[in-house]
Amino acid sequence: MLSSLSFDTQKDLLIKGWMSHDARWFMAVAERFGIDAANRLNQFVCRELGRVEMKRFMNTLNLSPPKNLDDHLNLNRAAISLYGPDLIEYGIKILDHQSYEMELQKCFAHENIVKAGIKDQYECGIFARLQGWIDAQGLEHEISPPLGKCMKVSGEECSYTIELRFIKESIID
């Protein structure tokens, strides 16, 4: 049966299944324990998920932690293309050798929180997941502004600045 489905169709079904689970889990927690608990748990789980999936991704491809910004951005682009290329549309603006700005023009989470009627209460889990990816890459980082309410809901651009600290290899004298 599955052989009649293309790889992309199979991948799409898996991604949509996961996103449906994620949305239903979030709403069940919000209904049972309140939106504040759902937001806290969602950010925690998204970051942990990001750590696990990026570690698996890097291990499967036998990749070392990135040594510079280009390596980091290429790794993230590859992961986005695997884990949900149709879920977001984004742009990257490199600021310097260790900092970049990531702006989401289209975001599935924003679209779904509007449909679910919780847009004024939802706190971003997308960039929490990205933080997990950065953690798994062995990089310390700062993200600005701090994660919070969905920026798109208030009519702002969804844009975060991420500053990374890369591990320097020691030089043997």
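## Meeting the cysteines, a serine and a leucine patch

Cysteine 150 is buried, its relative accessible area being 13%. Welcome to this structure, which is a predicted model. A search through the whole of it turns up 0 disulfides. Cysteine 46, for one, is in no disulfide, and the cysteine sulfur nearest to it, that of cysteine 124, lies 8.3 Å away.

**Cysteines**
- A disulfide is a covalent bond that joins the sulfur atoms of two cysteines.
- For cysteine 150, the closest cysteine sulfur belongs to cysteine 107 and is 6.4 Å away, which is too far for a bond, because a disulfide needs the two sulfur atoms within 2.5 Å.
- Cysteine 46 counts as buried, because its relative accessibility is 11% and the cut-off for buried is under 20%.

**Serine 159**
- You can find serine 159 in strand S4, which covers residues 158–165.
- Serine 159 is buried too, with 16% relative accessible area.
- Beyond its neighbours within four places in sequence, serine 159 has contacts that include Glu101, Met102 and Glu103.
- Ser144, Pro145 and Met151 are also among the contacts of serine 159.

**The leucine patch**
- Leu2, Leu5 and Leu13 make up a nonpolar patch on the surface, and together they have about 280 Å² of accessible area.
- Leucine 13, one of these three, sits in helix H1, residues 7–33.
- With a relative accessibility of 53%, leucine 13 counts as exposed, since exposed means over 50%.

Key: Residues are numbered from 1 along each chain as its sequence is written. This is a predicted model: local features need pLDDT of at least 70, side-chain atom pairs count only at pLDDT 80 or more; totals for chains, interfaces and linings use all residues. Side-chain values use heavy atoms; hydrogens and water are left out. Helices (H or I, at least four residues) and strands (E, at least two) are DSSP runs, numbered from the N terminus. Buried means under 20% relative accessible area, exposed over 50%, partly exposed in between (1.4 Å probe, protein chains only). Contact means heavy atoms within 4.5 Å. Patches are made of residues with over 30% relative accessible area and no salt bridge: like charges are joined within 9 Å, nonpolar side chains (Val, Leu, Ile, Met, Phe, Trp, Tyr) within 5 Å. Accessible areas come from the Shrake-Rupley method with a 1.4 Å probe; for residues, only the protein chains shown count as cover. A salt bridge is a side-chain nitrogen of Lys or Arg within 4 Å of a carboxyl oxygen of Asp or Glu.
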